[in-house]
Amino acid sequence: MATTAMERKLLIGGEWVETGEWFDVSSPYDGSPVGRVARAGGAETRRALDAAENAMREPMPAYERAAILDRVAALLAERADEAARTISAEAGKPLKAARVEAARAVSTYTMSAVEARKLVGDAVPMDASQAGAGKLALTLRVPIGIVGAISPFNFPLNLVAHKIAPALAAGCAVVLKPASQTPLSALLLAELETEAGLPPGWLNIVCGPAAEIGDVLVEDERVKLITFTGSGPVGWKLRERAPRKRVNLELGNATPVIVASDADLDDVAIRLAANAFSFAGQSCISVQRIYVERDSYDAFLERFLPRVEALRVGDPAEEDTDVGPLIATSERDRVLSWIEDARARGASVLTGGTLDGELLRPTVIADVPADAKVSCDEVFGPLCVVTPYDTLDEAIALANGTRFGLQAGVFTNNVRSALHAARELEFGGVTVNEAPTFRADQMPYGGVKDSGNTREGPAYAIREMTEERLVVLQL
Ligand code: NAP
């Protein structure tokens, strides 16, 4: 069951704003009302930009920005249970995964405060050249300007934190548009920001129709950087439409894992069963394609399938649920149709592939052609594909055989194989003896190829959200 329905306004220029129009937020599990939110359009987005512009006229020193971020972290830690329940209610995320997300958002704020305190440029060795001798030079890191942020539904608290906290640490004001299915977690963070003493205008939240708000963020010249996390087609289009802005994209993946015969198969089975199906596979780094060395293939499945079948499917609000609903019934039906497509092309469903009530059971498929949708597109559902391989280089080629490149994993106890795979896998990150779903919030996180063009994690996002200004002094 969802929590009691709540009503939330927009945050613009430090005021909680009604617009006369509302939209509903409902539970992806049972459709029950979770809340209603004031609906913004282009006019409210422009007002939010005015407020952000005003705020940035009076820059805040780093120690104040850092202190606010630390206070938000403390307030969020105090209200972690409420935050987790909000995430679970609006996103349908099982409560135990929502609790992990809330704890991680605290750490995103803490890390951003640390980075705000050490934000500094470089000294330039001017006497290293004849032209520079007799001068002193240094670089300052100056805020890039107003940040327009657009976030997805699947981590409605922590991915919002990954946009807001580094931007504030960098000294940038923010206008954020959260996903329409999950605006309440973002608005809870906004409440904590104001409680922590953030002056008006530094953070503005506008919820409503994506195209209308997105158009203003793209077209208004005051927005200097758009930070977008979401699906590829939307992200790349935004970048195309805003050639003079920095447009940072964190997009999808079809996450591969290679399991060599010398790996600890019991450990691998535990980690992969948890990380292919957590939040019903709706993580951009959910394990999707598992390549297992042929002589261990059967032994791996013997360990893996019982663990998948033991996952508890059900109400996300219950403490022991592992796998809840997909964000929408249409998404569930899409995944079912991809399973049918694979079946029609000769694949065998080893477990799952059917509904438990309205929910899709965790599904494992074998004998899938490499060009089937479930092999090369992002499934974003509780499904993974298992495939045997003969040589490590064959497995690496299979893993690389998609247009995505966010994170990949390799399980092996051979250091040479691990390092060879790490070098050859064309991904933004490679995990060794850990599922590629792993993320700690200070890591540089992001993809290559169609998966994106940037790195998040406070230190790396702040680098993007500031510009280097050179100062040269004649001595
Ligand atoms: P989405 O449909 O692309 O939506 C993401 C955000 O973009 C939402 O706020 C959405 O608003 C907004 N949006 C949609 N159309 C827009 C437009 N024309 N202009 C401006 N904004 C627009 O993605 P999603 O379904 O929420 O998220 C799932 C995707 O995100 C997956 O592909 C997943 O892999 C990816 N993801 C990537 C990462 C990463 O860090 N790399 C992390 C999480 C998720 P509305 O909600 O109002 O439509």
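I noted that domain bounds come from an automatic or database domain assignment. I recorded that a pocket is an open set of points on a 1 Å grid over the protein atoms alone, where a 1.4 Å probe fits, with protein on both sides within 12 Å along at least five of seven lines; lining residues have an atom within 4 Å of a point.

I am reading a predicted model, in which local features need pLDDT of at least 70, side-chain atom pairs count only at pLDDT 80 or more, and totals for chains, interfaces and linings use all residues. Residues are numbered from 1 along each chain as its sequence is written, and side-chain values use heavy atoms, without hydrogens or water.

Entry on the largest pocket. I found about 970 Å³ of space in the largest pocket. Its lining has 42 residues, and Phe228, Gly230, Ser231, Gly232 and Val234 are the closest to its centre. I looked up which element gives the most to this lining: H8, with seven residues. I counted 19 nonpolar, 12 polar and 11 charged residues by class in the lining of the largest pocket. Domain 1 (6-251 + 452-474) and domain 2 (255-444) each supply at least three residues to this lining.

Entry on the second largest pocket. I found about 710 Å³ of space in the second largest pocket. Of its 34 lining residues, Arg104, Phe155, Asn275, Ser278 and Thr437 lie nearest its centre. Two or more lining residues come from each of helix H4 (95-117), helix H5 (158-170) and helix H9 (265-277). Here, too, I noted at least three lining residues from each of domain 1 and domain 2.

Key:
Grid points are joined across faces, edges and corners, and a volume is the space filled by probe spheres set on the points. Helices (H or I, at least four residues) and strands (E, at least two) are DSSP runs, numbered from the N terminus. Ala, Val, Leu, Ile, Met, Phe, Trp, Tyr, Cys and Pro count as nonpolar, Asp, Glu, Lys and Arg as charged, and the others, Gly among them, as polar.
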